[in-house]
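User: Hey, can you walk me through this one? I'd like to chat about the fold and a few residues.
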Amino acid sequence: MGHTMSEAVREDAICVWRRDPACDTLLEVVLFMKGFLSLVVHRAARRAWKTDRLENGDSNTINDGENGIANKYGYTTTGDSSNLEVEHSTSHIKGTRFVALLLQSQASSSFGVDIHPAAQIGAGVMIDHATGVVIGETATVGDGTTILHGVTLGGTGKEHGDRHPKIGKDVLIGAGTKILGNINVGDRAKIGAGSVVLRPIPTGATAVGAPAKIIGFTPKGERPGSSVDISLAGVEPLMGIPAKEEKRKVPTSTNLEAVVKAKTMTKTIPESISEGGTEDMTSSDSQLGLGIDDEDDEDNDNTASDDDDNVTDLGTPAKVHYMKTCHDDEMCPFRNLAGRGSSQMISHKKLRSLLLQEGCSDGETVEVFFELLHLVPNDSKARQCGCIPLEIFAKHFPAVGAEKTRLDKETCLALAKGDLHRLGMSKKASKKFLGLFKRLGNYPSLPSSNSSLSLANTQEKEKDERQSRHYSLLHTADYAEEIAI
């Protein structure tokens with residue numbers, strides 16, 4: 001992962017010495033820290049594993065040849081489908097593969113750490129205590145990550161191929177955490193002890209629970225893998241920080257009558273609201289986004305025909321076709337959010353459905369929503385509802401979407417503007433987003449993709465011209481100085 005074996009071992013030893021308060025010297029790390037020792041053995045096993053793969057190709061893939069099909073177990077099948085002969089392929093399995101598996105087995109027996117030789121682990125990684133750590137074949141662990149004991153980076157069943165988690169850089173994974181499946185855990189994420197992670201966790205998020213749910217944002221600039229903050233202190237709440245309330249005074253014998261009078265007035269408030277304040281409450285709730293479902297455009301498969309999936313609302317051939325999306329509220333990492341805002345807000349459920357329709361992955365939708373939600377002011381009602389105001393979506397989604405997803409800039413701009421013409425979405429696909437697109441069109445229009453690109457190109461050309469003039473002046477000054485000398 002961009003490091004030589006000696007560099008990675010050196011950084012592993014130094015990071016353990018810096019992060020583990022029970023370790024005083026580097027010599028203790030090299031001699032007694034089994035997390036460090038298990039990583040050294042794994043790096044040797046991975047080198048042997050990679051050498052075998054370079055000589056023989058990837059054994060997990062099936063290659064057709066004149067002599068038959070070589071499977072991952074090192075056997076070749078020949079003949080027709082009715083009469084298969086199994087022959088041992090002596091050239092497929094080399095000694096380096098056995099050396100890698102032997103090192104893995106010995107490390108597992110000696111240290112209680114099971115790391116597959118094919119797993120990719122970066123530099124500066126600390127496995128604290130290490131007992132019970134399991135890392136699967138296709139798992140990756142980024143630089144600067146800290147893993148505590150009892151952590152499993154495993155699969156979800158018997159499926160083959162890429163099936164294990166991908167851990168980013170500077171991640172902190174608490175003791176006993178289970179991260180299962182081919183999901184991403186973003187850079188600078190914190191996973192609390194005992195969590196079960198089954199869905200992607202975005203960059204800079206703090207997640208706890210079984211199944212894990214996101215509870216807040218990692219403080220800006222913090223590197224959880226290095227700070228090793230197991231208590232999860234200093235986490236910014238996901239739903240923001242409400243406005244500060246005045247501190248209540250402790251009642252004393254001198255002001256007891258005033259306290260009783262205040263309680264009596266409080267009890268009469270609901271009656272006054274129910275008598276004459278219903279209309280005001282309704283209007284204020286619609287403005288604040290309380291108790292209003294934003295899912296106003298639901299799927300209606302019965303009324304949609306197959307022809308509606310081939311053309312757009314403008315009558316042109318559709319580029320994006322209908323795709324049914326399911327939302328599992330129980331497993332969603334944002335399930336603690338209310339997700340109910342006014343018509344001028346967009347919830348995680350709605351945004352996820354929109355981006356999945358455009359071909360984004362579940363992990364990309366989580367990243368986009370998390371980043372946009374962080375841009376919402378802490379004390380706003382939208383943040384407390386767990387929704388994103390359309391104004392913020394229209395303003396920031398082009399940049400966030402281009403960075404966090406596979407979508408190009410033109411598509412991101414079209415989504416932010418609600419431009420159905422540029423999106424090319426079929427009638428059937430756009431039906432559940434028509435209300436959202438209509439509301440997005442009411443906001444000040446963003447620059448078109450062509451004009452924005454041309455403006456960026458013009459600015460880049462001007463910058464290059466300024467730099468070239470600057471360098472030419474420098475060369476002229478140097479030449480004049482040489483002549484003077």
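This is a predicted model: local features need pLDDT of at least 70, side-chain atom pairs count only at pLDDT 80 or more; totals for chains, interfaces and linings use all residues.

User: How many helices and strands does the protein have?
Analyst: There are 16 helices and 22 strands in the protein.

User: And what share of the residues is buried?
Analyst: Of the 485 residues, 41% are buried. The accessible surface is about 26,900 Å², with 54% of that belonging to carbon and sulfur atoms.

User: What about contacts between residues at least 6 apart in sequence: what share join residues at least 24 apart?
Analyst: That share is 55%.

User: Okay, sheets. In what order do the strands of the seven-stranded open sheet run?
Analyst: The order is β7-β10-β13-β16-β18-β19-β20, and the pairing is mixed. The edges are β7 (126-127) and β20 (236-237); each has a single partner strand, so one side of each has no neighbour in the sheet.

User: Zoom in on β18 and β19. Parallel or antiparallel?
Analyst: Antiparallel, over four bridges, between β18 (residues 205-208) and β19 (residues 213-217). Ala 207 sits opposite Ile 214 of β19.

User: And the five-stranded open sheet, how does the pairing go there?
Analyst: That one is parallel, in the order β5-β8-β11-β14-β17. Its edge strands, β5 (113-115) and β17 (196-197), each pair on one side only.

User: Which strand holds Thr 152?
Analyst: Thr 152 belongs to β11, which covers residues 152-154. β11 pairs with β14 (residues 178-180) in the parallel sense over three bridges, and Thr 152 stands opposite Lys 178 in β14.

User: What does Thr 152 touch, leaving aside neighbours within four places in sequence?
Analyst: Thr 152 is in contact with Val 134, Thr 177, Lys 178, Ile 179 and Leu 180.

User: Switching to the core. Which residues in the largest nonpolar core touch the most other members?
Analyst: That core has 73 residues, and the ones touching the most other members are Ile 135, Leu 153, Ile 201, Phe 334, Leu 351 and Phe 397. Apart from it there is another core, of nine residues, including Cys 15, Val 16, Met 33 and Met 126.

User: Tell me about Leu 351. What does Leu 351 touch, not counting residues up to four places away?
Analyst: Leu 351 touches Ile 346, Val 368, Phe 369, Leu 372, Ile 388 and Phe 393.

User: Ile 388, then: buried or exposed?
Analyst: Buried, with a relative accessible area of 0%. Ile 388 lies in β22 (residues 388-389). Beyond four places in sequence, Ile 388 has contacts that include Gln 344, Met 345, Leu 351, Phe 369, Leu 373 and Val 376.

User: Last topic, helix α1. What span should α1 have, and what do its end C-alpha atoms give?
Analyst: With 15 residues (5-19) at 1.5 Å a residue, α1 should span 21 Å, and its end C-alpha atoms are 21 Å apart, which agrees.

User: Which residues of α1 are buried?
Analyst: Ala 8, Val 9, Asp 12, Ala 13, Cys 15, Val 16 and Arg 19. They cover an arc of only 165° around the axis, so they lie on the same side of α1. In an α-helix there are 3.6 residues a turn, so residues three or four places apart point the same way.

Methods. Residues are numbered from 1 along each chain as its sequence is written. Side-chain values use heavy atoms; hydrogens and water are left out. Helices (H or I, at least four residues) and strands (E, at least two) are DSSP runs, numbered from the N terminus. The expected span of a helix is 1.5 Å times one less than its number of residues. Buried means under 20% relative accessible area, exposed over 50%, partly exposed in between (1.4 Å probe, protein chains only). The arc is that of the directions from the helix axis to the C-beta atoms. Contact means heavy atoms within 4.5 Å. A nonpolar core is a set of buried Ala, Val, Leu, Ile, Met, Phe, Trp, Tyr and Cys residues joined through side-chain atoms within 4.5 Å. Accessible areas come from the Shrake-Rupley method with a 1.4 Å probe; for residues, only the protein chains shown count as cover. Two strands pair if DSSP finds at least two bridges between them.
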